[in-house]
Amino acid sequence: MERVCNKQYWCDVCEKLFAHRNSLTNHKRTHTGEKPYPCDVCDKSFRRNTHLTVHKRTHTGEKPYPCDVCDKSFAQNGALTVHKRTHTGEKPYPCDVCDRWFVKSSDLTVHKRSHTGEKPYPCDVCDRWFVKSSDLTVHKRSHTGEKPYPCDVCDKSFAQNSALTVHKRTHTGEKPYPCDICDRSFIRNSHLTVHKRTHTGEKPYPCDVCDKLFAQSSTLTVHKRTHTGEKPYPCDVCDRWFVSNSELTVHKRTHTREKPYSCGICDKSFAQSNNLTNHRRSHTGEKLYPCTMCDKSFSQSGNLTVHQRTHTVEKQ
């Protein structure tokens, strides 16, 4: 039974107080699980009628809240408010542990877990825990195999909408992330970040076994297997195992005879893209690998290595 205290409505389950009876009614559904507002298009139901109204816009595509600075529109007024901060630069939510500020309170909540180590979302299939519920949702698809985001150009599907967005650029050729040092552009911002390290020389991922440094964490992960001997990628045709998935992919072509990298000048094809790159230099005459001991240059680093041994022999 609900109690009224100083004109406030008291939840008899968790003892929260509410100023209005309807607020208490909505709140109680978080305890009972009741969702009395069903969508008439799909099978979802909602605790509040306002939540149903917003949800229906995912079916209709309605976005009644336009930005007065750019041409974007939004399904919710709250989403518009947050978006406007991308124009103003406003970040009203400070972290009380470090000096970072955030556009949304939810971003701040997630960020704080990087300080506390809290991971409140457990997977009920394996033993992994996650910082965000959305990360858990995506992870669960690794168990179910669900890929709810299909490409409308080819037959591929994806577990994440963001992965579909990136994939579509392989069809359109769009590369929205340009390097401000050279003329290269990239499909992903993360690819741009890694590329910039070729200019700066930054290698922020050190190996804790030897003194090698790496520009990418994934390269470090693969490198560590040279110390542990781990080869987690087995070939399903023969008995060989590989350090990386990319090595396995290349190896499989020895079984299938697939050569997906074709030269646009002659009729040769190659199993690996770097072999095609080297081959193209036979047409262009490009020689990127100069010898530091004489005036010769070479189109392939391997040829340079062999050549440099002639200098070593001369010195002996």
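**Entry 1: Glu118 and Arg113**

I looked up glutamate 118 and found that it counts as partly exposed, at 40% relative accessibility. I note here that the model is a predicted one. I then asked which residue forms a salt bridge with glutamate 118. The partner is arginine 113, and the closest N and O atoms of the pair are 3.7 Å apart. Arginine 113 counts as buried, because its relative accessibility of 13% falls under the 20% limit. I recall that side chains of opposite charge can pair when their charged atoms come close.

**Entry 2: Arg57 and Glu62**

Next I examined arginine 57, which forms a salt bridge with glutamate 62. I recorded 3.7 Å between their closest N and O atoms. Is arginine 57 buried or exposed? Arginine 57 is buried, with a relative accessible area of 14%. Glutamate 62 is partly exposed, and I noted a relative accessible area of 42% for this residue.

**Entry 3: Lys196 and Asp180**

I turned to lysine 196, which forms a salt bridge with aspartate 180; the closest N and O atoms are 4.0 Å apart. Lysine 196 lies in helix H7, residues 189–200. Aspartate 180 lies in the loop between strand E14 (177–178) and strand E15 (185–186), so the pair ties together parts that are 16 residues apart in sequence. I found lysine 196 to be partly exposed, at 30% relative accessibility. Aspartate 180 is exposed, because its relative accessible area of 61% is over the 50% limit.

**Entry 4: Count of salt bridges**

I also asked how many salt bridges the structure holds. The count is 11.

**Entry 5: Arg197**

I stayed with helix H7 and looked up arginine 197, which lies in this helix. Arginine 197 is buried, with a relative accessible area of 13%. Which residues does arginine 197 touch, leaving aside those up to four places away in sequence? I listed Glu202, Pro204, Tyr205, Ala215 and Gln216.

**Entry 6: A positive surface patch**

Finally, I asked which residues form a positive surface patch. The patch is formed by Lys35, Lys44, Arg47 and Arg48. Of these residues I followed up lysine 44, whose place is in the loop between strand E4 (37–38) and strand E5 (45–46). Lysine 44 counts as partly exposed, at 46% relative accessibility.

Definitions and conventions:
Residues numbered from 1 in each chain as written. Predicted model: local features only at pLDDT ≥ 70, side-chain atom pairs only at ≥ 80, totals over all residues. Heavy atoms only, no water. Salt bridge = Lys/Arg side-chain N within 4 Å of Asp/Glu carboxyl O. Buried < 20%, exposed > 50% of the residue type's maximum accessible area, 1.4 Å probe, protein only. Helix = DSSP H or I, 4+ residues; strand = E, 2+ residues; numbered from the N terminus. Patch = residues over 30% accessible without salt bridge, like charges linked within 9 Å, V, L, I, M, F, W, Y side chains within 5 Å. Areas by Shrake-Rupley, 256 points an atom, 1.4 Å probe, with all protein chains shown as cover. Lys, Arg positive; Asp, Glu negative; His and termini not counted. Charge placed at Lys NZ, Arg CZ, Asp CG, Glu CD. Contact = heavy atoms within 4.5 Å.
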